[in-house]
Each structure stands twice: as structure tokens, then as C-alpha cells.
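Visitor: Hi, I'm new to this one. Can you walk me through it?

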Amino acid sequence: MTGRRVIAVLAALLIAVVIVRNAAVRMLAQRAPGSAALLWRDHPDVEIASAMTQIALAARAGGAAPASAYGLLARAAAQDPLAPEPYLVRGVQLELGAKSDGAQQAFEAAQWRDPRSLPAAYFLADKFVRQGRIGAGLKQIAALARLSPNGGQIAAPYLASFASSPANWPALRTTLRDNPELAEPTLRVLSKRVETVPALLALADKQGLSGSTPWLPGLLDTLIQAGQYHQAKAIWARAGKLPTDEPLHDPQFADKASPPPFNWSLTSNSVGLAERQSGGRLHVLYYGQENGILATQLLTLVPGPYRLRYELLSGQTAGEASLTWSIWCDKGAAALASVTIRQGAKDGLRFVVPANCPAQWLRLSGSSADVAQQSDVTIGGLKLEAVPGV
């Protein structure tokens, strides 16, 4: 850390300490300026407040604090040996003077006097990390997170940055185990980049992986966007203890626990409503006012010909093309094949997966007409199978 950065951080932190620790003195001073110093000139709190305010204001202005300010702190430390502020300032003085060992001792002394001191935890975390003592540094970062509002969210990106080196994984694993409130936000950050997925998988509690794991959807999306479909499906299947070789998951519409996209994503919005019903059925209510997807699932079919079959158990459609089944290559510009829901109930949806299509979206969509009309249908007996020809 450069001297300029230390001074800037010190200014912000010390002004905050002054505001919090000496609230009573400041309130009195606001009502009667100068009264606090006149009444308690030699009180340690007054001397600390006065000295630290001088130091912070001088640092903010880019100058050096007067020697008298440090004298006040030394006297206050003698009168109030449990006050952490003099040791914080002394630590920064020693740090700027390249006396690293003495600075660390001063920061540790400040933390011993006030275990909830944010500045002490900050400076110690910085020192330990720069020394390569990652475990000790992460312990201080965890302390900072506990002491700060929304600390877990704030600390997560910083913790995640250590995961770039596998050598740090043991220390990170210990930190996340001992501070479970930091685990979820940190793993969420790691789930957002494909480069950090190996670290996420190494640090995550495998025993706790399930369909409701908060960071699982983000991880799956990251892998899918990177084209790593089979790894994404393998992780999804492990979370739900499910097979990976089924062509279509949950054709009975009974699995409410496993997350999309390898399970059904069913719509409930202004487009319409798709909902599971008992007996292996899917009920679809399409409002007919706007185009949209009502049900979809991501597949990982090998190249070749397939047929989707189902029964139209009940209901009515506003028009022949109001509801349509289609199959798309992921990131494809056009459907491989499509069929209206009534025609599909007779002939099925036949399609061929090409060699350059490692993942496919099966979609049930609604298409609006000039005059909005509702479609209300129930389907069942859904089955997807490979066929010898198209």
C-alpha cells in the first residue's frame, strides 16, 4: 500500500471514528462551541477527538498533522490505555516510516483494545495479505465483513479474488466454513465467470449441493453461455441426484424441485399460464394478447432424428397456429422444426439434430392474432424418442 493510499484511507477512517466515538462531545460542542474542551480539556476522549480530528483534516488536505496532535494522543493513551485510536495512528506512522513490524504490533494492540475496530481489522488484513499470510488476512477480512453493514456482500468480490490461485483454496475453504454468512455471496461471485468455476466447485460444500442451492442457477447459466453444456447438466444432475442420459427430463410434469433449464421452465406472466397437474399432465392457458414462450426445457441430444409425441387431452385453441411446439439449437437463429399443437397431437414433432448443435431448446409458444383470443389446453403422455428416420 502506498503512503498516499494509507493517508487517504486513514483520513476517511479516522473521521468516521471521531464521529462515532465522540458523539457526546460533538453534541455538546454544537450547542456551546468550545465548551467541551473547556470543561474536559484533559479528558482522554476530548484529547483523542481533538488530535484525531487534526490528523484527519490535515491528511484530507494533503498535509502533515502538527506534532502537538501526536503529543495529545500519547498523553491520552497513558490516561486511557484501553482506547484503540492512539495505537491506530501510531501504526500508520510506523507504516509510513517503513517500520512494518512495529506497525503490525500497534494495529494488533488497537484490535486487542477494541475487537470491533474496523480500522484495525482493515490495516491488519492489508498487512497480512501483503506478507503472503493469506489465512491470517482472510480472518481479518471475515472480521471486517461481520462488523460492517452488508459486509458479506461487500467482502465477497474481494474474497473471490483470492480464488484465482489454487494455493489459496485451503485458506478460503476454512474461511467460508468458519463464516457461513460469507460462503453464499462469495460462491455467487465465483459462479458468474467460467474461469472461476473450478474454484467454486473446489470450495463449495458438495454435501450441501441441491436443486435449491442459491448459486446453482447462476453457475448453470455461466456454463451454458460458455457452451459447456455437458458440465452444466452433470452438475445439475448431481444436485438433484438425477440421471444425465434421459432425452427429456420429467415428461410427467412431476418434478417441482429441480431448477431449469434442464427441467421445465413454466410461464406465469402476461403471456399466459403453464402449470403442472396430477396424472402427468400440463395445463396451458394462453391469453392470446402477445407472443411468448409458455414452456421450455434445454436438451442435450446427440445428432440424429427424433420424434416428440403427446396427447391433447382437452381444451380449445383460438386458432390453428396459436400454440406451437418447436425445437431450436441453442443460440440458433431459426427453429429446426415446429408444429402446431393440434397437428403435433396427430403426427408428433419430428426433427433432426445436426452435428453442430450440442444443446437444443424444446419450446411451447403462443402466437397472437389480430383479435386476442384465449387458448386453454391440457396435454399428457409426453414422450421424446430417437427414431430411425424423419
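Guide: We'll take the sheet, then the aromatic rings. Keep in mind that this is a predicted model.

Visitor: How many bridges join strand 5 to strand 10?
Guide: Nine. Strand 5 covers residues 304–316 and strand 10 covers residues 375–386. Leucine 312, for one, has isoleucine 379 in strand 10 as its bridge partner.

Visitor: Switching to rings. How many aromatic pairs are there?
Guide: The count is six. One of them is tyrosine 158 with phenylalanine 162, an edge-to-face pair. The centres are 5.3 Å apart, with 80° between the planes.

Visitor: Those two, buried or exposed?
Guide: Tyrosine 158 is partly exposed, at 40% relative accessible area. Phenylalanine 162 is buried, at 8%.

Visitor: Why is the pair of tryptophan 236 and phenylalanine 262 called tilted?
Guide: Because the planes are at 55°, and over 60 would be needed for edge-to-face. The centres lie 5.7 Å apart.

Visitor: Where do they sit in the chain?
Guide: Tryptophan 236 is in helix 15, and phenylalanine 262 is in the loop between helix 15 and strand 1. They are 26 residues apart. Both are buried.

Visitor: What lies over the face of tryptophan 328?
Guide: Arginine 363, at 5.1 Å from the ring centre.

Definitions and conventions. Residues are numbered from 1 along each chain as its sequence is written. This is a predicted model: local features need pLDDT of at least 70, side-chain atom pairs count only at pLDDT 80 or more; totals for chains, interfaces and linings use all residues. Side-chain values use heavy atoms; hydrogens and water are left out. Two strands pair if DSSP finds at least two bridges between them. Helices (H or I, at least four residues) and strands (E, at least two) are DSSP runs, numbered from the N terminus. Rings of Phe, Tyr and Trp (its six-membered ring) pair if their centres lie within 6.5 Å; planes under 30 degrees apart count as stacked, over 60 as edge-to-face and the rest as tilted. Buried means under 20% relative accessible area, exposed over 50%, partly exposed in between (1.4 Å probe, protein chains only). A charge sits over a ring if NZ of Lys or CZ of Arg is within 6 Å of the ring centre and within 35 degrees of the ring normal.
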